[in-house]
Amino acid sequence: MLRILLTIVLPLALWVWAFVDCLTTPEDEVKHLPKVVWVLIVLLFPPLGPIAWLIAGRQRGFLRVAAADGYPGHPAAEGPGRPAGRGGRPLAPDDDPEFLASLKKNDKDHESMLEQWEADLRRRERELRDRDEPEDGRKP
C-alpha cells in the first residue's frame, strides 16, 4: 500500500497540482521562461517538470514583484489613496490621515446640512402656527 502511494498517487497528485498552479498563475509572476513553455514542461516531464515548476517557475512569498492587483507589500498597493504603513503594507482606513481628514470634512458638511434642515423645519412650524391662529389674537 505504501509502495503504491509513493510511486503512483503522490507523483500524480504533485503533477496535477503543479499543472493547475501553472495554469492559474498570472503571467507576470512566472519566472525564467514563458508560461506556455512551463505548461509544456510540467505536462511532458511528469516527475521532473512539476518539481522544476515548484522550484524555479513561479515567484512565491515575499519575492513577488509589483502587480496591478495590489497585493499587500507590493509597490502597486501603494500610491495616492493607498499609503503604505510599516513594511510597505497599506494602512488601515482608521490609520490613514487623509481618510480621517475626509471624514471630518464630511461630518462638517453633514452638520451644516442638518442645521439648514432644522432652520427650515422651525420656519415651517412658525408659518403653520401663524396661519392657524385667528387674526384677533384669540386662541380657538
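From the N terminus on, the elements of the chain run α-α-α-α. The model is predicted. The chain holds 4 helices and 0 strands. Of its 140 residues, 16% count as buried. The chain exposes about 11,200 Å², and carbon and sulfur atoms supply 63% of that area. Among contacts with a separation of 6 or more, 35% join residues 24 or more positions apart.

The nonpolar core comes next. The largest one has 7 residues: A18, C22, V30, W38, V39, V42 and W53. Two elements give two or more residues to this core, α1 (2–24) and α2 (35–44). Helix α2 gives the most, with 3 residues. Contacts of A18 can be listed as well. Leaving aside neighbours within four places in sequence, A18 is in contact with V42, P50 and W53. P50 is one of the buried residues of helix α3.

Helix α2 has a buried side. Its buried residues are K35, W38, V39 and V42. They cover an arc of only 100° around the axis, and therefore lie on the same side of α2. An α-helix has 3.6 residues a turn, so residues three or four places apart point the same way. The face of α2 turned away from the buried side carries the exposed residues V36 and L44. L44, in helix α2, has a relative accessible area of 59%. That value is over the 50% cut-off, so L44 counts as exposed.

Helix α3 spans residues 48–57, and its buried residues are G49, P50, W53 and G57. They too cover an arc of only 100° around the axis, which puts them on the same side of α3. The exposed residues L48 and I55 sit on the face of α3 turned away from its buried side.

Helix α2 supplies the largest share of the patch, 4 residues.

The loop between α1 and α2 contains H32. Phi of H32 is near 70°, a positive value in a residue other than glycine. Most residues other than glycine have a negative phi. H32 is exposed, with a relative accessible area of 65%.

Charged pairs were then examined. Side chains of opposite charge can pair when their charged atoms come close. The count comes to 5 salt bridges. One of them joins the side chains of D109 and K105, at 3.3 Å from N to O. These two residues are 4 apart in helix α4 (residues 97–132), and so are separated by about one helical turn. D109 is partly exposed, with a relative accessible area of 38%. K105 is exposed, at 51%.

A second pair is formed by R122 and E118, with the closest N and O atoms 3.8 Å apart. R122 and E118 are likewise 4 residues apart in helix α4, and about one helical turn separates them. R122 is partly exposed, with a relative accessible area of 46%. E118 also counts as partly exposed, at 37% relative accessibility.

R123 forms a salt bridge with D120, and here the closest N and O atoms are 2.4 Å apart. Both residues lie in helix α4, 3 residues apart, about one turn of the helix. R123 is partly exposed, with a relative accessible area of 36%. D120 is partly exposed as well, at 26%. This pair belongs to a network of salt bridges that links D120, R123, R124 and E127.

Terms used
Residues are numbered from 1 along each chain as its sequence is written. This is a predicted model: local features need pLDDT of at least 70, side-chain atom pairs count only at pLDDT 80 or more; totals for chains, interfaces and linings use all residues. Side-chain values use heavy atoms; hydrogens and water are left out. Buried means under 20% relative accessible area, exposed over 50%, partly exposed in between (1.4 Å probe, protein chains only). The arc is that of the directions from the helix axis to the C-beta atoms. A nonpolar core is a set of buried Ala, Val, Leu, Ile, Met, Phe, Trp, Tyr and Cys residues joined through side-chain atoms within 4.5 Å. Contact means heavy atoms within 4.5 Å. A salt bridge is a side-chain nitrogen of Lys or Arg within 4 Å of a carboxyl oxygen of Asp or Glu. Accessible areas come from the Shrake-Rupley method with a 1.4 Å probe; for residues, only the protein chains shown count as cover.
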